[in-house]
Amino acid sequence: MKAIIVEDEVLARSELAFLIGAHSDIVITAEFEDGLDALKFLQAEEVDVIFLDINIPSIDGVLLAQNISRFSVKPYIVFITAYKEHAADAFEIEAFDYILKPYSESRMKAMLNKLEAAFAARSRPREEGHLAVSNKVNLWKNEKIIVVDADEIYYASAQEKTTSVMTKGEEYSMALSISEFHSRLPQDSFFRCHRSYLVNLSKIKEIIPWFNNTYLLRLRDLDFEVPVSRSKVKEFRQIMRL
């Protein structure tokens with residue numbers, strides 16, 4: 001299992017990491033003091049569990065967990081906090097557990113054992129090939145994670161180190177390269193038509209012949225045309241049966 005810790009107290013973070021390492025096989029891939037930094041990380045990286053304090057800068061732990069609960073693939077959330085009064089909020093968003101500081105080693109060990117057992121049970125259908133592939137995509141807008149259906153995406157374009165994603169009425173961003181973003185989409189629906197563009201094939205309204213035997217793809221509902229590069233023409237013709 002991969003995990004992150006979101007905790008602004010250095011000693012508490014160190015003790016938590018020690019207990020996780022001592023009583024489980026969970027790998028801590030990153031640690032954060034700030035809720036917004038953690039949310040930005042989670043936009044680009046998937047983890048299995050988040051150990052989350054409530055009183056943290058920028059975005060408090062409850063608000064961060066509410067954003068995470070909208071993810072298409074939801075990690076387990078374990079609250080680690082000194083505040084009893086937020087327990088009801090935690091379980092409304094289906095937190096896995098709620099651990100009060102100061103840490104009890106026996107309590108932590110029991111929680112970690114339960115967590116690893118739950119993860120193993122959830123992973124088993126995936127390993128056996130019975131888990132359906134999600135058609136949801138997490139996109140970023142105004143410092144929030146927005147979950148949309150992949151079918152709503154018209155095209156995406158490379159923007160330096162990020163990818164701009166366009167639906168019918170909104171523009172979003174992803175802190176991923178366009179290749180990485182493409183890998184998260186249904187491969188039979190989206191075509192990498194150019195080094196800087198990928199397009200939802202179902203959104204193409206017109207195929208317009210262009211110079212050097214290439215094409216422009218005019219999209220439904222949008223006043224926009226996506227180019228097909230020369231290196232992609234043959235593959236595009238095969239897909240579209242031209």
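1. Let us start at a single residue. With a relative accessibility of 54%, Ser183 counts as exposed, where exposed means over 50% relative accessible area, buried means under 20%, and partly exposed is in between (1.4 Å probe, protein chains only). Ser183 belongs to helix H6, residues 178-183. Helices (H or I, at least four residues) and strands (E, at least two) are DSSP runs, numbered from the N terminus. The side chain of Ser183 comes to 2.5 Å from the backbone oxygen of Glu180. That is a polar contact, a pair of N or O atoms within 3.5 Å; within protein, one must be able to donate a hydrogen and the other to accept it, and residues adjacent in sequence count only if both atoms are side-chain atoms. From C-alpha to C-alpha, Ser183 and Ile20 are 32 Å apart in space, and they are 163 residues apart in sequence.

2. A word on how to read this. The model is predicted, so to speak with care: local features need pLDDT of at least 70, side-chain atom pairs count only at pLDDT 80 or more, and totals for chains, interfaces and linings use all residues. Residues are numbered from 1 along each chain as its sequence is written, and side-chain values use heavy atoms, with hydrogens and water left out.

3. Now the whole chain. The protein chain holds seven helices and 15 strands. Its C-alpha trace spans about 70 × 40 × 25 Å along the principal axes. Of its 242 residues, 45% count as buried. Take the contacts (heavy atoms within 4.5 Å) between residues at least 6 apart in sequence: 51% of them join residues at least 24 apart.

4. Please look at the open sheet of three strands, which run in the order S13-S14-S15 with antiparallel pairing. Which strands stand at the edges? They are S13 (204-209) and S15 (225-228); each has a single partner strand, so one side of each is left without a neighbour in the sheet. From one strand to the next, the twist averages 25°; axes here are lines fitted to C-alpha atoms, for helices over the stretch in contact, and angles run from 0 to 180 degrees between N-to-C directions. Strand S14 (residues 215-219) pairs with S15 in the antiparallel sense over four bridges, and two strands pair if DSSP finds at least two bridges between them. Opposite Tyr215 you will find Val228 in S15.

5. Next, the aromatic rings. The structure holds nine aromatic pairs. Rings of Phe, Tyr and Trp (its six-membered ring) pair if their centres lie within 6.5 Å; planes under 30 degrees apart count as stacked, over 60 as edge-to-face and the rest as tilted. One of the pairs is Phe79 with Tyr98: the ring centres are 6.0 Å apart and the planes stand at 50°, so this pair is tilted. Phe79 is in strand S4 (residues 76-81) and Tyr98 in strand S5 (residues 97-100), so the pair ties together parts 19 residues apart in sequence. Phe79 is buried at 0% relative accessibility, and Tyr98 is buried at 9%.

6. Stacked or tilted: how do the rings of Tyr155 and Phe224 meet? Their centres are 4.5 Å apart and their planes at 5°, so the pair is stacked. This pair links distant parts of the chain, with Tyr155 in strand S8 (residues 155-159) and Phe224 in the loop between S14 and S15, 69 residues apart. Tyr155 is buried, at 9% relative accessible area, whereas Phe224 is partly exposed at 28%. Together with Tyr197, these two residues form one aromatic cluster.

7. Two lysines deserve a look as well. The charged end of Lys114 sits over the ring of Phe96, 5.2 Å from its centre, and that of Lys141 sits over the ring of Tyr172, 5.9 Å from its centre. A charge sits over a ring if NZ of Lys or CZ of Arg is within 6 Å of the ring centre and within 35 degrees of the ring normal.

8. Asp48 is found in the loop between helix H2 (35-44) and strand S3 (49-52). Asp48 counts as buried, at 18% relative accessibility. A polar atom of its side chain lies 2.7 Å from the backbone nitrogen of Lys2. Leaving aside neighbours within four places in sequence, the residues in contact with Asp48 include Met1, Pro75 and Arg122.

9. Finally, helix H3 (residues 61-68) is mostly covered, with six of its eight residues buried. Among them are Val62, Leu64 and Ile68. Asp60 caps the N-terminal end of H3, with a side-chain oxygen 2.9 Å from the backbone nitrogen of Val62.
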